[in-house]
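Reader: Please take me through the helix packing, the chain contacts and the backbone of this model.

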Amino acid sequence: MPAILPIGLLLVAGALVAVHGFASTRNVANLGLQASILLMLAMPMTLIIMSEGLDLSAGAVLSLCSVVMAEALAGGHGLASALAASVAVGLGFGLANGAMVSLLALPPFVVTLGTLGIAEGAALVVTEGNAVSGLGSGIASLYALDVFGLPFPVLVALATWLLTYVLLHYTRFGTYVFAIGGNRDALVLAGAPAWAYHIAIYAFGGLVSGVAALLLTGRMNAAHPTVAIGMEFDAIAAVVLGGTSFERGDGRLLGTVLGVATITVLRNALDLLGIESSLQVVSIGGLILLVIVIDRLRRSRREQVA
Amino acid sequence: MPNNPVSATAVRSPQHWRHLFAGDGAELALRVALIVLIGSALALASDAFLSTANVLNVLRQASLIFLLAAGLTLVILCGGFDLSVAANLTLSACLAAGVIKSGLSPWLGIATALACGTAAGALNGLAVTLLRLPPFLATYAMLWILQGLAFHYMGGQEIFGFPPAFRALGTGFAFGVPVPVYLMAVVLFVATVFVRSTNVGQEIYAIGANPEAARLSGIPMRRRQMLVYMLSGLMSGIAAVVFLARVNAADSGMGEPLLLPAIAAVLIGGTSLFGGVGSVLGTVLGAIILALVINGMNLLDIRAQWQPLVVGVVLLVAVMVDLVARGRRERIG
Amino acid sequence: MNRDDTDGSGQPASAVPLLALRNVSKTFPGVRALDDVSLDLHAGEVHMLLGENGAGKSSLIKVLYGAYRADAGTILCDGRLVEITRPADARRLGIAVIFQEFSLVPFLDLAQNIFLGREPRRPLTRLIDHGRMHREARAVLDSLGLDYDTRALAVDLGVAQQQMVEIAKALSQRARILVMDEPTAALSERESKTLFTLIRQLRASGVAIACISHRMQEVFELGDRVTVLRDGRRVATLPAREATPDQLIGMMVGRAVGAVYKRRQYGKAGEIVLEVRGLTTATGVRDVDLNVREGEIVGLSGLVGAGRTEVARAVFGADAIVAGEVRIFGAIAKGGPERIAARGVALIPENRKLEGLALKRSVQDNLLVASLWKLFPRGWYRAGVARACARALIDRLRVTPPAPRRMVRVLSGGNQQKIVVGKWLAAGCKLFLFDEPTRGIDVGAKSEIFALIEDLVERGAAVLLISAELAEIVHVCDRAYVMRAGRIGGELARTELSEENILRLAMHGA
C-alpha cells in the first residue's frame, strides 16, 4: 500500500480533532464537491503518468473547455451542444498532445507546456480576458441536481472513476497503458499498434476535461479563462501521492483517489483554519517530498534484501 | 608518467577568441537572418518599429527574457530542465521589493534576490542529484512552492515605488543604451566564457551529451549538476532585480508570463532539449526573436491575450525544428 | 505432429524438416555475419547451436525472426518456401524466439503477459474476458508443469520464473519452432534443471527447439544434434552423442592463425598495480581475487554473463562493492569513477556508444574529456592547446580521418574505439581496464588496438584485458584469469594459455 494511506488517515484524524467545523454535514458535502473536479482530472492523469508521460496542459485545457461551454450557453445554444463543443475542444487538445508525444517522441512536459500556452491564450482571446456569465439556469440546476441522494458532480466524478477503472482493467487499452509505461518494445513485438494506444491515453484525458468543464462551469454558473490553471498541479500531486510511478508503468487508481482525498482534506482544513491557498500549495509540495522520501527508503531497503 | 602525449605548455595557444563563437556559425547566421527578416517585416508593417525608442525597447525586453533563459540554457546543456525559473524570479523579486521598501539599502535588496534565487536553485539541484527525481518533476513542484511562497508573502498586495538609483538598473540609460542591455552583454560574455573556455563548461556539455559516458570518464556529475541548477537560480535572481527595477513594482504574478518565452528562447537559440548541444549566444538571438514577436504584436495592435497562444505555438515549432535538426530519438513502432 | 524418436545417427526419422535454412548469407559493412549457412530443424529435436562470440549465432536467430533479412539463401517451412521479413511473419509460421532480454511487462500479471496483444474479449462488450484468459493461461502453465499463480505480477518473478513465462508465452502462440538464446545464462543450476525438464517435455510433444548455449555440459545433456558455427560459417552438424567436448571446442576455436595479433615480447612484470581481494558485488561478482602488475597484460576471460564486465566496473567505482577491497598501488581505492580515475585508472567500457563516447560531440571533445584538469590545472580551457593535444593524439592513434572537429558518430567502429582509448592516454593513466576492446571492429583496427595496448605496457602501464575471444587472450596476455558464474574459475600462466584450457575452465569450472 502506498505511503499515502496512513498519512491521509492521520490528516483526517488531525482535522477532526483540531479543525472546528470540519466534520459538519455542510463541510463534508463541500469536500465532495471540491474533490469531484480534481478526481476527474486525476483519473486520466494517472494513466498518462503510468505511460511515462505528463500533462501540464490539463488545467488550461479545462479552463478553455469551460469557456467554450459558457460561450455556447450564453449564445443561446442548448446544454447538449455546449457539452459537445467542450468535449470536442478537449479531445482536440488531447489528440494533439498524444500525437506529438507518441509519433514525434517529444518529451511530454515540453509538449504540454506548449499546449498549455495555446489553450490559455485561446481562452483569453475568446473571452478577452473577462469572465463569461449569463448562462441561464440550465447548467446551474443540473449542477445542483441530486441523484439518489448524491450530488450531480460527485456522481459524475464517481462515474469517471468507474469508467477509468473499467478501461484500465477490462480493456486492451488499459492493458497497453501498463505496457507502454513498463515495456513498450514488448507491446510492439506483440504486434499491437502501440503508437495509437499512446495517443489514445492523452485523448482520453482531453475528453474527460471536456466533461469536467460541465462541473467547473456549473459550480459558478460562469466561466473564467484562467480559473483552472494550476489545477493540474493538484492532479499530478494526487497521482504521485497515490504511488503511481513515473518510470516503470506501475499505477493505482485507488491510490490516486486517496491522493485526491488527501489533498482535498488538506486544502479544506487549511481553508477552515484561515490559511490561504498559496501556503496550501507549499504544504502539498512538502507532502509529496515526504511521500517520495518514504518511498525511496522503502524501495532501497527492498533492493538490499533482494 | 608513461602516456602523456603532449604537455599543455609546449603548445602555443592560437587565436583564443575565435573559439568562443566558433563551431555553429551557420546556425547562428540562420538566426540572425531570421531576426533581420522579422525586423524587416515589422518595419514595413509599422512606422513605429524602426524608431530608436522602439528598438531599444525590444532590446530591453530581450534582455529580460535572456537573463532568465541564460541560466536555463546551462541546465538544458547539462541534460536537465528547470521549470521553476519564472516562479523563482517572482519570489526573488517580491522578497527584494519587501527588503527595499522596508527602508533597507537597495544593495541588501539585490543581495536578497540573488540569495533567494540561488537557494531555490540549490534545492532543485538537491532534488535532482540526491533524490534522483526527474528534473521536470522536481522543478515543477518547486515552481508551485516558490509561487505559493510569493503569494503568501505578498498577500495579494503590490509593493511599488523604489528609489530612483535602484530603478536605474531597469530603466536607466548609459551612452544612450538601456542599462539592462549592458547587463545582457555582460552575462552573455561571462556565460559564454564559462561554457566554452573552462573545464567545467566542457564537462557540462559532456554530461548533457551522454551522462553515463561522462560519469565513466571521471567527471563529478552530481557536483556539476548542482552547479548548473544553482547558476540557473542565480540568473533568476539577477533577472528579478532588473525586472523589479524596470516595472517599479512587485506582485506575485509578475514572473509567470516569462516562463514560456524563456524556454522558447533557449530552444529557438538552437540548444537541444536532449542536452549537450547549444550555445548561450544562440539563446541571446532566441530572446531577441521572441522580443521582436512580442513587440510586433504590440505594434500591430494585437491584443495581449494572444501572447500565450503565440508563444506556445512558437515553443512547439522550436521543439519540432530541434527534433528534425538533431535527428529523432530511435523508437520502434 | 508425430514424434519419431531419433535414431542412432542423431538424424530424426521424419523426413521433411519443420524448418530449413538453405545457404543463407548476411553481410554487414566490413563483416560477413552469415556465410552460406544451412540448418535443419526437425519436429521433436533439440538442436544446439555452438560458437564463439561473433560466430553468427545471433544473426542466425535474427534472420529466423525477421529482424534481419538475409542477402541470399532460402527458408523452407514444412518443405514450402517462405519469406520472413517481419516478426509477424515468423509468428504466423509458428516460430517463437526467446531473447536474452525479456519481453514481459512488469506490472501486468502472468495471464496478461502471456496474452499480450491477443487478449481474449467478450463478444458483445469487447471487454477482456479475464476468466477465459486466466483459464487458458493456467492451461498453458499446467502443460509446462508450472504452478505459478496467473495473477502474480511479472515484476515479482525471479529471473528463472520470467524465463519460464517467456516460454509459456511462446507456447500459447502455438509455436512449433522455439528458438532460445542462452536460456540458462541467468539461471542457477537447479533452475536450469527445471528448464531442461520442460524443454524435454516440449521435445516429446513434437516442438522443434533450437538452443544457443555456451555451456558444454548442456550441449550433451539436452541436445540431440549440435551445429558449430565459426566466423559466420557452419563448421559441422553432428549428433550430440557422437561428439566429445574436446572435439567441439576444437571446432569452435580452430581458426586460421595469423589473423590474430602477435606480441613483440612478453612482459617483465614489475610491482603490483591493482590488487583485488574478495571482491563481491550486487551485480553478481563473488569473492574475486586477482592482481595486475606493472608492464603486464592480464587477461580476464570467461563466457558472457560470467561477471567479467562487472569486475571491471566495480574496480572503477561504477558499481557498488558489497564486500572485499580494491587496492591501487597498495592503497585502498574507494569512491565513484571520478575518485578512481583521478588515481590513474582508465576504463574502456564494453559498450562504447552508450558508455564510452558522446556521439554528438567532436573527436577533440571526446579525446580530452578525461584529461581536462590534467591539461588545464587552473580550469581555463584553451581551445588552441586542446586542438593541438587532440591532433597529437589523433596522430598517435592514427585516427582516420584526422579531423579533430569531426562528429564521433560518423566514424567507423575501429576509429571510435581508438578515441575511447585515446581519452585516457592524455590523462596519464597507469592502469587500463579494457572491456572487450575489439568487439565489432575490423581486423586492421584490432591489431592497431593491440599494438597500442602493448605500447602501453612497454611504457610501464598495467593492463587488464577482458575478452570473450579466446584467441585474443591466448596471444596477447602474459597470463589470464578465467571466470565462471561470478567467480574466478582458475588462473592460467603464459605457458598454460590455450583456447582449450580457457574454455575448459569457463565451461566446467576448475
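Author: The questions and answers below concern a predicted model.

Reader: Are α5(B) and α11(B) roughly parallel or roughly antiparallel to each other?

Author: Helix α5 (residues 106–129) of chain B packs on helix α11 (residues 221–247) of chain B with the axes 7 Å apart and at an angle of about 150°. Angles over 145 degrees count as roughly antiparallel. The crossing is right-handed, and the contact of α5(B) with α11(B) has 16 nonpolar, 11 polar and 1 charged residues. The two helices α5(B) and α11(B) are therefore roughly antiparallel.

Reader: Are α1(A) and α12(A) roughly parallel or roughly antiparallel to each other?

Author: In chain A, helix α1 (residues 4–18) and helix α12 (residues 253–272) have axes 10 Å apart, at an angle of about 25°. Residues of α1(A) including A:I4, A:G8 and A:A15 meet residues of α12(A), among them A:G255, A:T262 and A:A269. This contact has 11 nonpolar, 4 polar and no charged residues. Since angles under 35 degrees count as roughly parallel, α1(A) and α12(A) are roughly parallel.

Reader: How many of the 17 residues of α3(A) are buried?

Author: Helix α3 (residues 58–74) of chain A should span 24 Å at 1.5 Å a residue, which agrees with end C-alpha atoms 24 Å apart. Just after α3(A), A:G76 takes a positive phi of about 90°. The helix α3(A) is largely enclosed by the rest of the structure, so the number of buried residues is 15 of the 17.

Reader: Which element gives the most to the side of chain B that touches chain C?

Author: The contact joins 33 residues of chain B to 42 residues of chain C. On the side of chain B, the elements that give two or more residues are α9 (199–209) and α10 (211–215). That side divides into 16 nonpolar, 14 polar and 3 charged residues. With 8 residues, the element that gives the most is α9(B).

Reader: From which element does the largest share of the side of chain B that touches chain A come?

Author: Chain B brings 35 residues to this contact and chain A brings 34 residues. At least two residues each come from α6 (135–154), α12 (259–268) and α14 (306–326) of chain B. By class, the side of chain B has 25 nonpolar, 7 polar and 3 charged residues. The largest share, 13 residues, comes from α14(B).

Reader: Is A:F148 buried or exposed?

Author: A:F148 is found in the loop between β1 (146–147) and β2 (150–151) of chain A. Phi of A:F148 is near 50°, a positive value in a residue other than glycine. With 5 other C-beta atoms within 10 Å, A:F148 is exposed.

Reader: Is C:E182 buried or exposed?

Author: C:E182 lies in the loop between β7 (177–181) and α6 (189–204) of chain C. The phi of C:E182 is positive, about 45°, although this residue is not a glycine. Because C:E182 has 22 C-beta neighbours inside 10 Å, it counts as buried.

Reader: What is the omega of the peptide bond from C:T400 to C:P401?

Author: C:P401 has its place in the loop between α14 (383–397) and α15 (413–425) of chain C. Most peptide bonds are trans. The bond from C:T400 to C:P401 is cis, with omega near -5°.

Notes:
Residues are numbered from 1 along each chain as its sequence is written. Chains are lettered from A and ligands numbered from 1 in the order in which they are written. This is a predicted model: local features need pLDDT of at least 70, side-chain atom pairs count only at pLDDT 80 or more; totals for chains, interfaces and linings use all residues. Axes are lines fitted to C-alpha atoms, for helices over the stretch in contact, and angles run from 0 to 180 degrees between N-to-C directions. Helices (H or I, at least four residues) and strands (E, at least two) are DSSP runs, numbered from the N terminus. Angles under 35 degrees count as roughly parallel, over 145 as roughly antiparallel, 65 to 115 as roughly perpendicular and the rest as oblique. A crossing is left-handed if the near helix is turned anticlockwise from the far one by less than a right angle, and right-handed if clockwise. Ala, Val, Leu, Ile, Met, Phe, Trp, Tyr, Cys and Pro count as nonpolar, Asp, Glu, Lys and Arg as charged, and the others, Gly among them, as polar. The expected span of a helix is 1.5 Å times one less than its number of residues. A residue is buried if 20 or more other C-beta atoms lie within 10 Å of its own, exposed if 12 or fewer, and partly exposed in between; C-beta atoms are placed from the backbone. Two residues are in contact if their C-beta atoms, placed from the backbone, lie within 7 Å.
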